[in-house]
Amino acid sequence: MTFAPRTKTLGALALAVTAAFSVLAAPSALAADEPTGKQLLEACNTDSSATCKFHPSGPLDYSVGQMAKVSHQENCTSSPSTLVYEHSGTVGTKNIYGFNFSFGTNVSNGLTAAIATSYQKEWYKESKVTSQLRQDVGPKTAVDIYAGPQITRVNGRWELLFKEPKWGHYYWYLDDTIEGRTSGQQWSFYTQNVRTTKC
Amino acid sequence: MAVAGALLAVLPAGVANAAANCDFNAGTGAYSCSGQQNVKLPSDVVGARVYTGTYYEGDRLTIWAPKDCPKDGWVNHQVRLNNTQWARNIGSVQPFGQCAVWLAFDNGGREGPYEKDNSNVADIGRYTVEVQLS
């Protein structure tokens, strides 16, 4: 632990002289002449002098996303056999504003930095992940295979700071819920026995 | 630089049953646990958020300021926590508005600066009686 000496304090009276401009933009309460959350994030993303900082709220929430049927396999032999199935796919990042997260940009950098700082986790880029399913399938039996991405959800607030005012303000705050993938997450599977069609 | 006497922003006592999300204006001293609209002026910015829990959970205190921290080497805002739920009970901190957060103790010492969000300051937060922004 390090202790810095108590430093000089500035009287609050001096602080009231200059005003920075800001407004809080609640997602559900945007007036007609105010930008949408998507517009604000896009503005921050494309302005190299802007700062797009994300402040998380609460712990990361892990779950499995939408399961979808990805394969149908049949064991037409007369003995049990082990099914080995590989599923690959990409899981992107999305938020409640429909913003397009392209990684390596202001906004996504703000997100990945926040996740690394607060949770020591990596928010994955849109890279392909491959997971393997191994399952015993009985003789003359067919299975449908379903897969769903393991996903992470994070709530928080964007703090967007512009060098030049955007929609009349230097600062914009934006509450958000973001969904994507963090380190260690792959695909989840389940299988369902179904009627054979080929045996 | 002239120092016109440090004006301590003081939270009112006796808010043990306050709502989970409270707002305090370091410029005006306004304090409310029923919505930021009761506290912030149109031009105010967030200076910091502190939470009773780690990982930004628990009761949240948002500290508003007239402008972002000027990074002039001075402590620009001091917020005494008195006997609110954050006194000696801060689990995580988030600096906003170019501010750095210091957690000060009643023995005159302090810890910081926290320039980035920190999801677990509980070991320090249990001694913290004042939040400073610089």
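Predicted model: local features only at pLDDT ≥ 70, side-chain atom pairs only at ≥ 80, totals over all residues.
Local features need pLDDT of at least 70 and side-chain atom pairs count only at pLDDT 80 or more, while totals for chains, interfaces and linings use all residues. Residues are numbered from 1 along each chain as its sequence is written, chains are lettered from A in the order in which they are written, and side-chain values use heavy atoms, with hydrogens and water left out.

Over all chains, the structure holds 11 aromatic pairs (rings of Phe, Tyr and Trp, the last by its six-membered ring, with centres within 6.5 Å; planes under 30 degrees apart are stacked, over 60 edge-to-face, the rest tilted). One of them joins F54(A) and W158(A), whose centres are 4.9 Å apart with planes at 55 degrees, so the pair is tilted. Because F54(A) lies in strand β2 (residues 51–64) of chain A and W158(A) in strand β7 (residues 141–166) of chain A, the pair ties together parts that are 104 residues apart in sequence. Strands here are DSSP runs of E with at least two residues, and helices are runs of H or I with at least four, numbered from the N terminus. F54(A) is buried at 2% relative accessible area, and W158(A) is buried at 0% (buried means under 20%, exposed over 50%, partly exposed in between, with a 1.4 Å probe and protein chains only).

Y146(A) is buried at 17% relative accessibility, whereas Y190(A) is partly exposed at 39%. Ring pairs also link residues of both chains, joining Y171(A), Y173(A), W64(B) and F96(B) into a cluster.

W158(A) turns up again in the largest nonpolar core, which has 26 residues; L41(A), V107(A) and W158(A) are among those with the most contacts inside it. Such a core is a set of buried Ala, Val, Leu, Ile, Met, Phe, Trp, Tyr and Cys residues joined through side-chain atoms within 4.5 Å. The largest share of this core, 5 residues, comes from α2(A). Apart from it lies another core, of 25 residues, including A48(B) and I63(B).

In chain B, 5 strands form an open sheet of mixed pairing in the order β3-β2-β5-β4-β7 (two strands pair if DSSP finds at least two bridges between them). Strands β4 (residues 45–51) and β5 (residues 60–65) of chain B pair in the antiparallel sense over 6 bridges, and V46(B) has W64(B) as its bridge partner in β5(B).
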